[in-house]
Amino acid sequence: MTTKQIPAQKYFIYSTETTLPHVNAIAMREVEPLYVTATQLGLEAQGPLEFIYWNASGDPTKPFTLEIALPVNDVAVELPEKYTLTTHEGFKAMAHVHHGDFSNIEPVYEVLFKELYGSGAKPTNQVREVYINWVNLTSAENVTEILLGIE
């Protein structure tokens, strides 16, 4: 894992409260409409789609905020009710690039958090998954950057 500074970015966001077991169903339902709506509004993607997990503990029963976030250009648009445009400030993160199947990612997170704590770093309340190349949940061609926010 490497440490890096993530710059501030404006995002077109669908946000919901959920638990870990429901993330895939939400993704299946909300990702395509997010892209369609962004295009209809004239927003231009400035990078790959991100899932931003706020206050996710790893406990499958505890709710947290999930943002399905598309980095976009900085323009003013009138938004449909279920979406927001938000600029997230830059942050420091420990980063790991995961290649391949994402259907059983929990053991990867366990190793990453063990490494984070072993380094003496303190986690923040955000974790991001940046879908650099996404085919489907089990594809060997997936490339996902996992960003663990640190103080």
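In which helix is Val108 found? Val108 belongs to helix H2. The model under discussion is predicted, and the description below should be read accordingly.

## Val108 and His98

Beyond its neighbours within four places in sequence, Val108 is in contact with His96, His98 and Ile146. Val108 and His98 are separated by 10 residues in sequence, and their C-alpha atoms lie 8.5 Å apart.

His98 is itself part of strand S6, which covers residues 91-99. Because its relative accessibility is 12%, and buried means under 20%, His98 counts as buried. Leaving out residues up to four places away in sequence, His98 touches Ile105, Val108, Asn142, Val143, Thr144 and Ile146. A polar atom of the His98 side chain also lies 2.9 Å from the backbone oxygen of Asp101.

In soluble globular proteins, nonpolar side chains tend to be buried together. The largest nonpolar core in this model has 31 residues, and the members touching the most others are Leu34, Phe51, Tyr53, Leu66 and Ile68. Two or more residues of this core come from each of strand S2 (9-18), helix H1 (23-41), strand S3 (50-54), strand S4 (64-71), helix H2 (106-118), strand S7 (123-133) and strand S8 (143-150). The greatest contribution is that of H1, with six residues.

Leu66 illustrates the contacts made by one of these members. With neighbours within four places in sequence set aside, Leu66 is in contact with Tyr14, Ser15, Thr16, Thr18, Val23, Ile26, Phe51, Ile52 and Tyr53. Another core, of six residues, lies apart from the largest one and includes Phe91, Ala93, Ala95 and Val130.

## The largest pocket

Rolling a probe the size of a water molecule over the atoms shows where empty space is left. The largest pocket has a volume of about 1,100 Å³. Its lining consists of 38 residues, and those nearest the centre are Leu20, Tyr53, Phe102, Ile105 and Glu129. H1, S3, H2, S7 and S8 are the elements that supply two or more residues to this lining.

By residue class, the lining of the largest pocket comprises 24 nonpolar, 10 polar and four charged residues. Tyr53, one of the residues nearest the pocket centre, is also among the residues that touch the most other members of the largest nonpolar core. Ile105, likewise one of those nearest the centre, is touched by His98.

## Loop positions

Asn55 is located in the loop between S3 and S4. Most residues other than glycine have a negative phi, and most peptide bonds are trans. Asn55, a residue other than glycine, has a positive phi near 65°. Its relative accessibility is 52%, so Asn55 counts as exposed.

Pro80 occupies the loop between S4 and strand S5 (83-88). At a relative accessibility of 31%, Pro80 is classed as partly exposed. Apart from residues up to four places away in sequence, Pro80 touches Thr37 and Leu41. Pro80 and Pro7 are 73 residues apart in sequence, with a C-alpha to C-alpha distance of 27 Å.

When residues up to four places away in sequence are not counted, Lys122 touches Gly149, Ile150 and Glu151. Lys122 and Leu148 are 26 residues apart in sequence and 9.9 Å apart in space, C-alpha to C-alpha.

Definitions and conventions
Residues are numbered from 1 along each chain as its sequence is written. This is a predicted model: local features need pLDDT of at least 70, side-chain atom pairs count only at pLDDT 80 or more; totals for chains, interfaces and linings use all residues. Side-chain values use heavy atoms; hydrogens and water are left out. A nonpolar core is a set of buried Ala, Val, Leu, Ile, Met, Phe, Trp, Tyr and Cys residues joined through side-chain atoms within 4.5 Å. Buried means under 20% relative accessible area, exposed over 50%, partly exposed in between (1.4 Å probe, protein chains only). Helices (H or I, at least four residues) and strands (E, at least two) are DSSP runs, numbered from the N terminus. Contact means heavy atoms within 4.5 Å. A polar contact is a pair of N or O atoms within 3.5 Å; within protein, one must be able to donate a hydrogen and the other to accept it, and residues adjacent in sequence count only if both atoms are side-chain atoms. On a 1 Å grid over the protein atoms alone, a cavity is a set of points where a 1.4 Å probe fits but cannot get out, and a pocket is an open set with protein on both sides within 12 Å along at least five of seven lines; lining residues have an atom within 4 Å of a point. Grid points are joined across faces, edges and corners, and a volume is the space filled by probe spheres set on the points. Ala, Val, Leu, Ile, Met, Phe, Trp, Tyr, Cys and Pro count as nonpolar, Asp, Glu, Lys and Arg as charged, and the others, Gly among them, as polar.
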